Amino acid sequence: MKLRGLYAITDSQLLAGKFLAYVEAALDGGVTLLQYRDKSSDEARRLREAEKLRELCSRYKTQLIINDDAELAARLGVGVHLGQTDGPLTPARALLGSKAIIGATCHSQIELAEQAAREGASYVAFGRFFNSNTKPGAPAATLEMLAEARKRLHLPICVIGGVTLENAEPLVAHGADLLAVVHGLFGADSTQEVTRRARAFNALIKS
Ligand SMILES: Cc1ncc(COP(=O)(O)OP(=O)(O)O)c(N)n1
Ligand SMILES: Cc1ncsc1CCOP(=O)(O)O
Ligand SMILES: [Mg+2]
């Protein structure tokens with residue numbers, strides 16, 4: 001499957017009280033990858049929510065990715081996204097198998113992406129490209145770096161950090177395959193607006 005389109009990422013605070021309704025609204029609009037991102041240490045809740053998302057994703061034929069936690073991903077039989085301090089890629093690939101989607105955070109460093117490719121990543125993620133409410137301290141990346149990465153890498157490229165419908169177009173023009181979005185999607189004030197935004201992101205990247 002070609003990894004291209006909207007990559008929706010959940011946020012436990014932002015989605016409090018409307019978690020499944022907003023996720024389903026996004027899936028309804030079309031989501032290529034859905035990442036379950038919960039930075040709490042409540043393992044029981046993480047398992048419960050991830051299981052619900054797996055069920056929802058299978059209904060919408062969307063691939064579920066677990067942030068940070070290769071063990072939980074293995075338990076559920078889904079993909080994982082690993083940052084530079086979330087454990088090495090090679091054992092994660094061995095654990096999850098050759099078909100699993102495994103993503104790697106590369107900040108703004110093409111060398112990290114080349115290494116991730118050698119270690120079996122399915123896609124590489126660069127960012128943050130804009131100011132991010134969700135992760136304000138994430139290292140900054142530029143469009144020039146993205147264009148260079150596009151020339152040098154053969155894996156799908158994901159972009160993240162403050163991505164919105166208003167600013168996503170240049171990212172696509174400079175080589176992005178996956179638009180990873182938290183606030184720009186789930187910061188909407190209704191489920192209808194989440195679905196509308198998901199459709200609009202897809203129109204941007206798939207046209
Ligand atoms: C698609 C995507 N890209 C980057 C990240 C950031 O991962 P990481 O640097 O490990 O930071 P946390 O998200 O774990 O706080 C991501 N989660 N997803
Ligand atoms: C997890 C992460 N890594 C870099 S920026 C970011 C947050 C993305 O969230 P938002 O789309 O709200 O900026
Ligand atoms: Mg992480």
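**Legends to the close-up views of the two ligand sites**

View 1. The side chain of threonine 134 places an N or O atom 2.5 Å from an oxygen atom of ligand 2. The model is predicted; local features are given only at pLDDT of at least 70 and side-chain atom pairs only at pLDDT 80 or more, while totals for chains, interfaces and linings use all residues. Residues are numbered from 1 along each chain as written, chains are lettered from A and ligands numbered from 1 in the order written, and side-chain values use heavy atoms, without hydrogens or water. Serine 132 brings a polar side-chain atom to 2.6 Å from an oxygen atom of ligand 2. Glycine 162 contributes through its backbone, with a polar atom 2.7 Å from an oxygen atom of ligand 2. The protein buries 90% of the 370 Å² that ligand 2 exposes when taken alone (Shrake-Rupley areas, 1.4 Å probe).

**View 2. Shell around ligand 2.** Surrounding ligand 2 (a heavy atom within 4 Å) are Arg37, Arg128, Ser132, Thr134, Lys135, Ala138, Ile160, Gly161, Gly162, Val181, Val182 and His183. By class, this shell holds four nonpolar, five polar and three charged residues, with Gly counted as polar.

**View 3. Polar contacts of ligand 1.** Aspartate 86 has a polar side-chain atom 2.9 Å from an oxygen atom of ligand 1. For glycine 83, a backbone N or O atom lies 3.5 Å from an oxygen atom of ligand 1. A polar side-chain atom of threonine 105 is 2.9 Å from an oxygen atom of ligand 1. Of the 420 Å² exposed by ligand 1 taken alone, the protein buries 91%.

**View 4. Shell around ligand 1.** The space taken by ligand 1 is the largest pocket. Strand S1 (5–9) and strand S7 (157–160) are the elements that give two or more residues to the shell around ligand 1 (strands are DSSP E runs of at least two residues). Ligand 1 is surrounded by 15 residues, the closest being Arg37, Lys39, Asp86, Thr105 and Lys135. This shell divides into five nonpolar, five polar and five charged residues.

**View 5. The annotated span.** An unreviewed UniProt entry annotates residues 6–184 as "domain: Thiamine phosphate synthase/TenI". The span is 39% helix and 19% strand, and its end C-alpha atoms lie 11 Å apart (helices are DSSP H or I runs of at least four residues).

Notes. A polar contact is a pair of N or O atoms within 3.5 Å; within protein, one must be able to donate a hydrogen and the other to accept it, and residues adjacent in sequence count only if both atoms are side-chain atoms. UniProt positions are given in the numbering used here, feature names are shortened, and annotations may be inferred rather than shown by experiment. On a 1 Å grid over the protein atoms alone, a cavity is a set of points where a 1.4 Å probe fits but cannot get out, and a pocket is an open set with protein on both sides within 12 Å along at least five of seven lines; lining residues have an atom within 4 Å of a point. A molecule sits in a cavity or pocket if more than half of its atoms lie within 2 Å of its grid points.
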